[in-house]
Amino acid sequence: AASRDLTAARKQAALRFEQDVCQQLTFMDMPHVTLAVSIQPTALTSMGGDAVEFLIASNPGEPPKSIAKTASGGELSRIMLALKSVLAQVDDIDTLVFDEVDSGISGRAAAKVGTLMRRIAAKRQVLCVTHLAQIAACGHTHLYVSKSVADGRTYTAVEELEEDRRLQELARIMGGDVTDAALSAAKELRARAEEEIT
């Protein structure tokens, strides 16, 4: 009886969860990607009698398939970001790491991804490796990671950037050269990111 009640509660929560995740995906310029929660009966355990799996359909008219088998690296990062955004109020994961979340997305979508990550960062620590200025501009802190070779060995250095140096790095990411125009664009990007979030 408890298992039947749990299954009913899961099915009800799944409908709301699917809608909320799809709303976040649309916000990140993935309007045609839909999430479906598959709840299938399985042997009874202490966790109930359900096998739960997240499925996605990347294009209209396609049946939902397993996320693990369907999503590319960039898609997977953004889907995870949407999931975490919806679950931010209830899960207990303290640190989230996103790598390649900017793979194959436009500048407009990148700005939205950055905004969403910053919102999640209000509740937990978020680390993001990115090569897009629109995402980097949204972080509370900007760490610059570099590699060097000395005496035949490779060394990695991590440096926290103050605001002036941060603007220079954003300008470099956007245009390659740190020109007055690129610095002006970097300042505008930072101002827009802060305004979008507050």
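## Asp50 and its polar contacts

The side chains of Asp50 and Arg10 are joined by a polar contact of 2.8 Å. This description rests on a predicted model. A further polar contact, of 2.9 Å, connects the side chain of Asp50 with that of Thr7. Asp50 belongs to strand E2, which covers residues 48-57. Its relative accessible area is 14%, so Asp50 is classed as buried.

## The antiparallel sheet

Strand E2 takes part in an open sheet of 3 strands, ordered E1-E2-E3, in which the pairing is antiparallel. The edges of this sheet are formed by E1 and strand E3 (65-66), each of which pairs on one side only. Between E2 and E3 there are 2 bridges, in the antiparallel sense. Leu55 has Ser66 in E3 as its bridge partner.

In general terms, the strands of a sheet pair through backbone hydrogen bonds, and they do so in either a parallel or an antiparallel manner.

The parallel arrangement is found in strand E4 (residues 95-99) and strand E5 (residues 125-129), which are joined by 5 bridges. Within this pairing, Val97 has Leu127 of E5 as its bridge partner. Strand E4 presents two faces: Leu96 and Phe98 lie on the covered face, whereas Thr95, Val97 and Asp99 lie on the uncovered one.

Together with helix H4, the strands E4 and E5 make up a β-α-β unit that is right-handed. Helix H4 comprises 14 residues and spans 20 Å from its first C-alpha to its last, close to the expected 20 Å. Because 10 of its 14 residues are buried, H4 is largely enclosed by the rest of the structure.

## Salt bridges

Side chains of opposite charge can pair when their charged atoms come close. Across the whole structure, 11 salt bridges are found. One of them connects the side chains of Asp29 and Lys112, with an N to O distance of 3.3 Å. This pair links distant parts of the chain, since Asp29 sits in the loop between H1 and strand E1 (34-45) while Lys112 sits in helix H4 (residues 107-120), 83 residues apart. The two partners have these accessibilities: Asp29 is partly exposed at 28%, and Lys112 is buried at 18%.

A salt bridge also joins Lys84 and Asp91, whose closest N and O atoms are 3.1 Å apart. Both of these residues are buried. Glu163 and Arg190 form another salt bridge, again with a distance of 3.1 Å between the closest N and O atoms. Glu163 is in helix H6 (residues 163-175) and Arg190 is in helix H7 (residues 180-197), so this pair ties together parts that are 27 residues apart in sequence. Glu163 is partly exposed, at 35% relative accessible area, whereas Arg190 is buried, at 10%. Both residues belong to a network of salt bridges that also includes Arg118 and Glu194.

## Cysteines

A disulfide is a covalent bond between the sulfur atoms of two cysteines. The structure holds 0 disulfides. For Cys128, the nearest cysteine sulfur is that of Cys138, at 9.8 Å, and Cys128 is in no disulfide.

Cys128 is partly exposed, with a relative accessible area of 30%. Cys22, by contrast, has a relative accessibility of 19% and therefore counts as buried, the limit being under 20%.

Ala2 is placed in helix H1, which runs over residues 2-27. With a relative accessibility of 62%, Ala2 counts as exposed, because the threshold for that class is over 50%. Ala2 and Arg192 are 190 residues apart in sequence, and their C-alpha atoms are 50 Å apart in space.

How values were computed: Residues are numbered from 1 along each chain as its sequence is written. This is a predicted model: local features need pLDDT of at least 70, side-chain atom pairs count only at pLDDT 80 or more; totals for chains, interfaces and linings use all residues. Side-chain values use heavy atoms; hydrogens and water are left out. Helices (H or I, at least four residues) and strands (E, at least two) are DSSP runs, numbered from the N terminus. Buried means under 20% relative accessible area, exposed over 50%, partly exposed in between (1.4 Å probe, protein chains only). A disulfide is a pair of cysteine sulfur atoms within 2.5 Å. A salt bridge is a side-chain nitrogen of Lys or Arg within 4 Å of a carboxyl oxygen of Asp or Glu. Two strands pair if DSSP finds at least two bridges between them. A crossover is right-handed if, with the strands pointing away from the viewer, the path from the first strand over the helix to the second runs clockwise. The expected span of a helix is 1.5 Å times one less than its number of residues. A polar contact is a pair of N or O atoms within 3.5 Å; within protein, one must be able to donate a hydrogen and the other to accept it, and residues adjacent in sequence count only if both atoms are side-chain atoms.
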